[in-house]
2 protein chains.
Amino acid sequence: MSASLTIALDAMGGDAAPEMVLRGANIAQQRFPDVRFLLFGREGEVAPLLAKYKKLQAVAEVIHTDDVVSSEERPSVALRSGRNSSMRLAINAVHDGRAQGVVSAGNTGALMAMAKFVLKTLPGIDRPAIASFFPTLKGESVMLDLGANVHCDTNNLVDFAIMGSVFSHLVLGRIEPSIGLLNVGSEDKKGHDALWDAAAVLRGADSLPGRFHGFVEGDDIAKGTVDVIVTDGFTGNVALKTAEGTAKLVSEYLRQSFRSSPLASIGYLLAKSAMNKLRKRLDPRRYNGAIFLGLNGVTVKSHGGTDALGFANAIGLAVDLAKGDFVKRLQEDFAKLGRVQANARAAV
Amino acid sequence: MSASLTIALDAMGGDAAPEMVLRGANIAQQRFPDVRFLLFGREGEVAPLLAKYKKLQAVAEVIHTDDVVSSEERPSVALRSGRNSSMRLAINAVHDGRAQGVVSAGNTGALMAMAKFVLKTLPGIDRPAIASFFPTLKGESVMLDLGANVHCDTNNLVDFAIMGSVFSHLVLGRIEPSIGLLNVGSEDKKGHDALWDAAAVLRGADSLPGRFHGFVEGDDIAKGTVDVIVTDGFTGNVALKTAEGTAKLVSEYLRQSFRSSPLASIGYLLAKSAMNKLRKRLDPRRYNGAIFLGLNGVTVKSHGGTDALGFANAIGLAVDLAKGDFVKRLQEDFAKLGRVQANARAAV
């Protein structure tokens, strides 16, 4: 099947598009020589860039469109007026079966609205969620939702728990992923009602694709206490960005410390390869690529401000998911669990 | 007035109490030689510890009680059955005017419930909030609420904005603190309704004790984009703990990096004093001490797991606030703003 795998790229999405997208696709082509690419965007800009990368050119096709969704566009407006945008046409390619996944570094809200409209959610899933990996003391974990759904009810949280653990299993290889609900402590019934109800459902479900750990708190994210952190899109987005900001703060403090004395500067030079390793480990490009979980098609959102290497990593995630037949497996697991879930819900 | 300043300490609160409390009070006594202490707790345990610190002994009085609020106690239960607890008696001392501030490293929920019950909220303030400093790229900022109120309405958020900026002004010396509402982006009316309504009120208020900046996101916390971050207690608690967890993760990665090669180990030795500076800058003990803002009395919560140095810092915050007549000034500013606020609210 790998010979037939094609990834659709929104060549116009992202701060440094289309150049960043083309350079990213070129890196991805070297990693996945058997993957083909559909590049949606302005041919006059995309084709000359593509001409620089001979090997990529051999496996890529440019599909011209003038329209581009701007980063400020409201999702509802983009949905109505962006029917011929590079983003929309790239999503259409997945729907039509011409591609097995789509990657865009464009407007997140517009991408979600369009992908949901074109690809639809899988049977039994009310709302898709944005999920991504992040580094922990124990390795890597998955967190969702990272911003698709500001308000979440009990059923949404339960769906996220199931989707997140299937994702953790298929992509990170966890046999029985542990699932935690993000809360603010367990004393005196703290937290929102939806969280307590979701915990009751997850505790009662007897064939989860993972093990329900219970509630976790903000510091458990980086500790790696659980494999899957489940939360609403508001809290998840704040937590993700708070973690990013904090990592940058500590790195900046570290840089300042090394510059604070001549001895420290020499120390830095001696420890340079170790520091590079640290930088690499914390490099946000390494974790670039969030998946829209629950859609009937692989949709990966790259950070808009990423560079070619980060974008190549987002493509890599789409390739992994497409090769692993992720959507089909998620759907199967979900169907199997549907009854259990319904029973558990009824029992609450 | 400094001669008459007394701080009440819950000698039994905290993982390593009462020893940690006594050692912390001893450090604080060296920093503030003119401050007196009331130590509430089991005399049989507290007095022998106090006997070790002669100078502290000269300015401290032990007030015996057998009762202690456990860390697992529900706030409602502690409120009913903890009338003679060390925590409750320490709060009573502030109410009776025998002390100008109370510090406890005990059960947060119980401390809030008791302090609210005994000290009451200031006129016009519906709910107290937990506020604390944290380090940023630009210095220090204040965030609230950190966990007292899981659900917050528009009025609560507006109150927090006012209390936070008065706090920033009085304690951090900011002339016109900038205020940000924590949200998940500004596009397409993202976020909860209460946030949008609070933003409208703050934009419309013409005599805020600060300048309303607008919405900020999670990464703005560490950036120091604003002086005061306003959020509900659920989100604030998750953000605070996520930041703590991430800082620990990066520090651990750093430690591992330095150990990864002999050269890096030598580099570490050369850069050691710089690394100690970094550690100091990130030391959570430095930021220990959260204030319960909006109460009619200075109430400071220390982290339960802190050590003597961290506890001394929490005492330092209580001393600063008591010396600066913080509660009176907050009340005055709040009274001045009351009308403005009511008008702005009516206009929404």
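**Reading contacts, rings and backbone in a predicted model**

Student: In this predicted model, how do the axes of helix α11 (residues 262–270) and helix α12 (residues 272–282) of chain B cross?

Tutor: The two axes come within 4 Å of each other and cross at roughly 75 degrees. Angles of 65 to 115 degrees count as roughly perpendicular, so α11(B) is roughly perpendicular to α12(B).

Student: Which residues make the contact?

Tutor: From α11(B) they are B:Y268, B:L269 and B:L270, and from α12(B) they are B:K272, B:M275 and B:R279. By class, four of these residues are nonpolar, two are charged and none is polar.

Student: Where is B:G267, and what does B:G267 touch?

Tutor: B:G267 is in helix α11 of chain B. Relative accessibility under 20% counts as buried, and B:G267 is at 0%, so B:G267 is buried. Leaving aside residues up to four places away in sequence, B:G267 touches A:G267, A:L270 and A:A271.

Student: How many aromatic pairs does the structure hold?

Tutor: Over all chains there are nine. Take A:F167 and A:F326 as one of them: the ring centres are 5.7 Å apart and the planes stand at 75 degrees. Planes over 60 degrees apart count as edge-to-face, so this pair is edge-to-face.

Student: Where in the chain do A:F167 and A:F326 lie, and are they buried or exposed?

Tutor: A:F167 belongs to helix α7 (residues 154–172) of chain A and A:F326 to helix α14 (residues 326–347) of chain A. They are 159 residues apart, and the pair links distant parts of the chain. Both residues are buried.

Student: Which residues form an aromatic cluster?

Tutor: One cluster consists of A:F258, A:Y268, B:F258 and B:Y268. B:Y268 also takes part in the helix contact described above.

Student: Which charged ends sit over rings?

Tutor: The charged end of A:R281 sits over the ring of B:Y253, at 3.7 Å from the ring centre. Within chain B, the charged end of B:K120 sits over the ring of B:F117, 4.9 Å from its centre.

Student: What is the backbone doing at B:K120?

Tutor: B:K120 is not a glycine, yet its phi is positive, about 70 degrees. The residue lies in the loop between α6 and β5 (129–136) of chain B and is partly exposed, with a relative accessible area of 47%. In chain A, A:K120 has a positive phi of about 65 degrees and sits in the loop between α6 (108–119) and β5 (129–136). A:K120 is partly exposed, at 47% relative accessible area.

Student: How many residues of helix α5 (residues 86–95) of chain B are buried?

Tutor: Nine of its ten residues are buried, so the helix is largely enclosed by the rest of the structure. Among the buried residues are B:R88, B:L89, B:I91 and B:N92. The cover over the buried residues includes β1 (6–10), β2 (36–41), α4 (75–81), β4 (101–104), α6 (108–119) and β11 (298–301) of chain B. After α5(B) comes B:G97, whose phi is positive, near 85 degrees.

Student: Which residues are joined by cis peptide bonds in chain B?

Tutor: One such bond joins B:A17 and B:P18, with omega about 0 degrees; B:P18 is in the loop between β1 and α1 (19–31). Another joins B:L144 and B:D145, again with omega about 0 degrees. B:D145 is in the loop between β6 (139–144) and α7 (154–172) of chain B.

Conventions
Residues numbered from 1 in each chain as written. Chains lettered and ligands numbered in written order. Predicted model: local features only at pLDDT ≥ 70, side-chain atom pairs only at ≥ 80, totals over all residues. Heavy atoms only, no water. Axes fitted to C-alpha atoms, helices over the stretch in contact; angles between N-to-C directions. Helix = DSSP H or I, 4+ residues; strand = E, 2+ residues; numbered from the N terminus. Parallel < 35°, antiparallel > 145°, perpendicular 65-115°, else oblique. Contact = heavy atoms within 4.5 Å. Nonpolar A, V, L, I, M, F, W, Y, C, P; charged D, E, K, R; others polar. Phe/Tyr/Trp six-rings, centres within 6.5 Å; stacked < 30°, edge-to-face > 60°. Buried < 20%, exposed > 50% of the residue type's maximum accessible area, 1.4 Å probe, protein only. Lys NZ or Arg CZ within 6 Å of the ring centre and 35° of its normal.
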